[in-house]
Amino acid sequence: LTTELSAVSNLIEQKEAMVVQITKERACRDNLQHHLENSLKLLQTEVESLTTERDGLLTKMSSTTEHRRKGKPDDPTTKKLRNELTRLGDRIKELNQKANEHKRSIRMREEAERRCEKLMAEIAEDKKRRASLQKKLKETSIEMRAEKKAAHQKALKMMKDTQKLKIEMSKIKMAAEKQATVLKRKIDQQAAKDKARRDLENKRRCAEKMRL
């Protein structure tokens, strides 16, 4: 559990660091967002205007070309129209490229927003998982402490019982030794009495024999 908890905590830290980085990038984009949107509108307006102007020049060019086909020589206006048309085409192309860049930047911001939301959701789930692991670890720790305490109390009880048993055995031994001593003394006393009686009996017999 401890290893898993450490791994989840590290994962949360990594994701939170990513969110911080994305948030910083988003703040920078937010500062540019209004400018980009306005610039995009201006670009689109300018492209529309230039496109209209280009279409007008194309119409004029078409009319000039039609006159030339009828045998009329080219005049400076035709050349000017061609140059202006080329300039407008280049400008429109340039503006379209900028517009695409702005659109791409907006898409990147939206993608970053989605990624940030996904990370935040993952972090929330990881934190729930971490809380669950912490709860399990705490419960396991409490159980281990309870088991350790119970084992300690059991050991103390066994030590007390052993000590008590030693005391009882010592008392029994002392009582047995005392009883053995008393019994030996009685046996010795009885043996002495028996000997004295036998000695007395022998003396009496000897005395009787001498009288005979």
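## Cysteines

C116 is buried, at a relative accessible area of 6%. C206 is partly exposed, at 46%. Buried means under 20% relative accessible area, exposed means over 50%, and partly exposed lies in between (1.4 Å probe, protein chains only). The disulfide count is zero, a disulfide being a pair of cysteine sulfur atoms within 2.5 Å.

## Model and conventions

This is a predicted model, in which local features need pLDDT of at least 70, side-chain atom pairs count only at pLDDT 80 or more, and totals for chains, interfaces and linings use all residues. Residues are numbered from 1 along each chain as its sequence is written, and side-chain values use heavy atoms, with hydrogens and water left out.

## Overall build

The protein has two helices and zero strands. Both kinds of element are DSSP runs, numbered from the N terminus: helices are H or I with at least four residues, strands are E with at least two. Helix α1 covers 2-69. Helix α2 takes in residues 76-211.

Of the 212 residues, 16% are buried. Take the contacts between residues at least 6 apart in sequence: 91% of them join residues at least 24 apart. Contact here means heavy atoms within 4.5 Å. Accessible areas come from the Shrake-Rupley method with a 1.4 Å probe; for residues, only the protein chains shown count as cover.

## Nonpolar cores

The largest nonpolar core holds 10 residues: L5, V8, I12, V19, I22, A112, C116, L119, I123 and L133. Helices α1 and α2 each give two or more residues to this core. A nonpolar core is a set of buried Ala, Val, Leu, Ile, Met, Phe, Trp, Tyr and Cys residues joined through side-chain atoms within 4.5 Å. L119 is one of the members. Beyond its neighbours within four places in sequence, L119 is in contact with K15, M18, V19 and I22.

Another core lies apart from the largest one. It has five residues, among them L50, L88, I92 and L95.

## Salt bridges

The model has nine salt bridges. Each is a side-chain nitrogen of Lys or Arg within 4 Å of a carboxyl oxygen of Asp or Glu. D126 and K15 form one of them, at 3.0 Å from N to O. This pair links distant parts of the chain: D126 sits in helix α2 and K15 in helix α1, 111 residues apart. Both D126 and K15 are buried.

Other pairs lie within helix α2. K157 bridges to D161, with the closest N and O atoms 3.1 Å apart. The two are about one helical turn apart, because they are four residues apart in helix α2. K157 counts as exposed at 53% relative accessibility, and D161 as partly exposed at 39%. Shared partners also join K15, E122 and D126 into one network of salt bridges.

K128 and E125 form a salt bridge at 3.9 Å, N to O. They lie three residues apart in helix α2, about one turn. K128 is exposed, at 56%. E125 is partly exposed, at 49%.

## Surface patch

L165, M169 and I172 make a nonpolar surface patch of about 320 Å². M169 belongs to helix α2. Patches are made of residues with over 30% relative accessible area and no salt bridge; like charges are joined within 9 Å, nonpolar side chains (Val, Leu, Ile, Met, Phe, Trp, Tyr) within 5 Å.
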